[in-house]
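Trainee: Could you take me through one part of this structure closely, namely how the parts of a chain are set against each other and what lies where they meet? I would like one connected account that I can follow with the model open beside me.

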Amino acid sequence: MLDINKIRADFPILNETVNGKPLVYFDNAATSQKPKVVIDAISAYYQTINSNIHRGVHTLSQLATDAYEVSRQKIQKHINAKHAHEVLFTTGTTHGINLVANGFSKFVKEGDAVMISAMEHHSNIVPWQMLCEREGATLLVIPMNERGELIIEEFEKLLTDKVKIVAVNHISNSLGTINPVKHIIEKAHSVGAAVLIDGAQAAPHMHLDVQQLDCDFYVFSGHKACGPTGSGILYGKEAWLNMLPPYQGGGEMIKEVTFAKTTYAELPHKFEAGTPNIEGGIVLGTAIDYLNAVGLDNIMAYEQELLHYGTEKLLEIEGLKIIGTAQNKTSVISFNVGDIHPYDIGAIVDKMGIAVRTGHHCTQPVMDFFQIPGTVRASFSFYNTKEEIDALVAAVIKAQRMLS
Amino acid sequence: MQMRIKEIQDEIVDEFSMFDDWDERYQYVIDLGKTLPLVEEQYKTDENIIKGCQSKVWLHGEQQGDKVVFTADSDAILTKGIIAILIRVFSNQAPADILEADTAFIDEIGLKEHLSPTRANGLVSMIKQIKMYALAFQAKN
């Protein structure tokens, strides 16, 4: 069980007021708020050990390098990767996907196929489209049903040995659907396709076990999981990372440089060119520690409670329709009220201190599927409360009254 | 005689000064949206659409005598209300006056956030488009 008051006290921003009202932050799927331990760790890094890593002989550089590598090991343990060098630091999910999609030029040839799903974020669409355009490959899309669930039979029909990689999200950012990724991975492997899982929406909410999933790549962002902006992880199986060509050239990723030829460094450094976001990498470890101290099982259980409460309360509003009603979903509620534009609702509830996301959530194909311009999205985190959901419901009712 | 742009802006600021709370101001904006001279269907084309990430705006301008007359529409009600205010200010004015005018009065009526370039509701682009029409008609004359 969570001590919600104690948890809220960990997040200084929750004491802020917005437009004269106490902040109700329901835009967690866009980015999470940061606990004080994370904020303090950022400051502590700069105040005590700031220096460049992996190259200095001086003590400070050694301390910073150690902290960075300790964080990598923490994350390795957290996602249950076999080796620490399978954990690459990135600037976030988008960076990780681009790195893999670029490298896959090596494995995707004309006439091959790349598969994504109908509920991907633009970041997990565009890099694959670019890959297909570069190589003359076809982009296949796993369709979804009216509830916002992937149609697995259709996935299996689309899957042939032409497919070189399947890239799907673990959890949809606009619908909240938890996808059956284990099954998808198994099936994809049976035709020899690699699988990348976009875990941006999963990392903050659930236990991750990349070995149990058997995915080839797993990416997520630190900023959605209580960590600093500009930090992120690309997990890749050692064999794949060895086969993938380097993404960016520069310092740190080399073993030896002459003008004739450069040989690349070992993993993970081969993919970590230039000075990385050192503070981000270190403090992402702090954020993971924090989430584990609260307990991801506790987080999941409490967020499910918020999801059920929020769903029930919001559905009491006349004309309110929830978009994304999968059996298996996380604490994301995307909705519309009658034919009121989401922008109007978002702007009015904002005046009451409530932060929701409105628009297409960078998933235009999902909105096209449901034939809507966008949704209002309330995404709950473990520091939110039922009282805050009540405030949202009251605000939406007020908006509805004003707008009709 | 047609009021000058500045006079209309002052008049609008005056109207909004009657309200104490944001909800009264917003309600007034919503009501003003209902007075917006709507774009005729034939002009509701892709060419006339100003895409924001959040809401769409259609704008059409035509020359009537030495004035530019605007009609518009939006799929969001608040956006429509703000368009109605902007059209009231800029429509039926001479191109030179339109080009000279600014929109600082929006701050005074407490709607600044809707005209922020980061809001992605199409309004900032709409003002640019209004000025483009004015510039085009001025060049033509």
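Mentor: In this predicted model, the centres of domain 1 and domain 2 of chain A, taken over C-alpha atoms, are separated by 28 Å. The domain assignment gives domain 1 as residues 4-30 + 296-403 and domain 2 as residues 39-293, and where the two touch, 22 residues come from domain 1 of chain A and 22 residues from domain 2 of chain A. On the side of domain 1 that touches domain 2, at least two residues each are supplied by helix 11 (296-315), strand 14, helix 13 (364-370) and strand 17 of chain A, and of these helix 11 of chain A gives the most, with 4 residues. Sorted by class, that side of domain 1 holds 11 nonpolar, 8 polar and 3 charged residues.

Let us stay with strand 17 of chain A, which spans residues 375-379 and has 5 of its 5 residues buried. Both of its faces are covered, with Thr375(A), Arg377(A) and Ser379(A) buried on one side and Val376(A) and Ala378(A) buried on the other. Strand 14 of chain A, residues 332-337, runs antiparallel to strand 17 of chain A and is joined to it by 4 bridges, and within this pairing Phe335(A) stands opposite Val376(A). Strand 16 of chain A, residues 357-359, also runs antiparallel to strand 17 of chain A, here with 3 bridges, and Gly359(A) stands opposite Thr375(A).

Now turn to another sheet of chain A, an open one in which 7 strands follow the order 4-10-9-8-7-5-6 with mixed pairing. Its edge strands are strand 4 (87-90) and strand 6 (138-142) of chain A, each of which pairs on one side only, and the twist from one strand to the next averages 20°. Inside this order, strand 7 (residues 163-169) and strand 8 (residues 194-198) of chain A pair in the parallel sense over 5 bridges, and Val166(A) has Val195(A) in strand 8 as its bridge partner. Helix 3 of chain A, residues 59-79, lies across strand 4, strand 9 (217-221) and strand 10 (232-236) of chain A, and runs at about 115° to strand 4. Helix 4 of chain A, residues 93-103, lies across strand 4, strand 8, strand 9 and strand 10 of chain A, and runs at about 150° to strand 9.

In soluble globular proteins, nonpolar side chains tend to be buried together. Here the largest nonpolar core has 150 residues, and those with the most contacts inside it are Val166(A), Val195(A) and Val349(A). The largest share of this core, 10 residues, comes from helix 3 (residues 77-90) of chain B, while domain 1 and domain 2 of chain A each contribute at least three residues to it. If you leave aside residues up to four places away in sequence, Val195(A) touches Val166(A), Ile184(A), Ile185(A), Ala188(A), Cys215(A) and Asp216(A).

Finally, look at where the two chains meet, a contact that takes 14 residues from chain B and 11 residues from chain A. On the side of chain B that touches chain A, helix 2 (22-33) and helix 3 of chain B give two or more residues, and helix 2 of chain B has the largest share, with 5 residues. By class, this side of chain B has 7 nonpolar, 5 polar and 2 charged residues.

Terms used:
Residues are numbered from 1 along each chain as its sequence is written. Chains are lettered from A and ligands numbered from 1 in the order in which they are written. This is a predicted model: local features need pLDDT of at least 70, side-chain atom pairs count only at pLDDT 80 or more; totals for chains, interfaces and linings use all residues. A nonpolar core is a set of buried Ala, Val, Leu, Ile, Met, Phe, Trp, Tyr and Cys residues joined through C-beta atoms within 7 Å. A residue is buried if 20 or more other C-beta atoms lie within 10 Å of its own, exposed if 12 or fewer, and partly exposed in between; C-beta atoms are placed from the backbone. Domain bounds come from an automatic or database domain assignment. Two residues are in contact if their C-beta atoms, placed from the backbone, lie within 7 Å. Two strands pair if DSSP finds at least two bridges between them. Ala, Val, Leu, Ile, Met, Phe, Trp, Tyr, Cys and Pro count as nonpolar, Asp, Glu, Lys and Arg as charged, and the others, Gly among them, as polar. Axes are lines fitted to C-alpha atoms, for helices over the stretch in contact, and angles run from 0 to 180 degrees between N-to-C directions.
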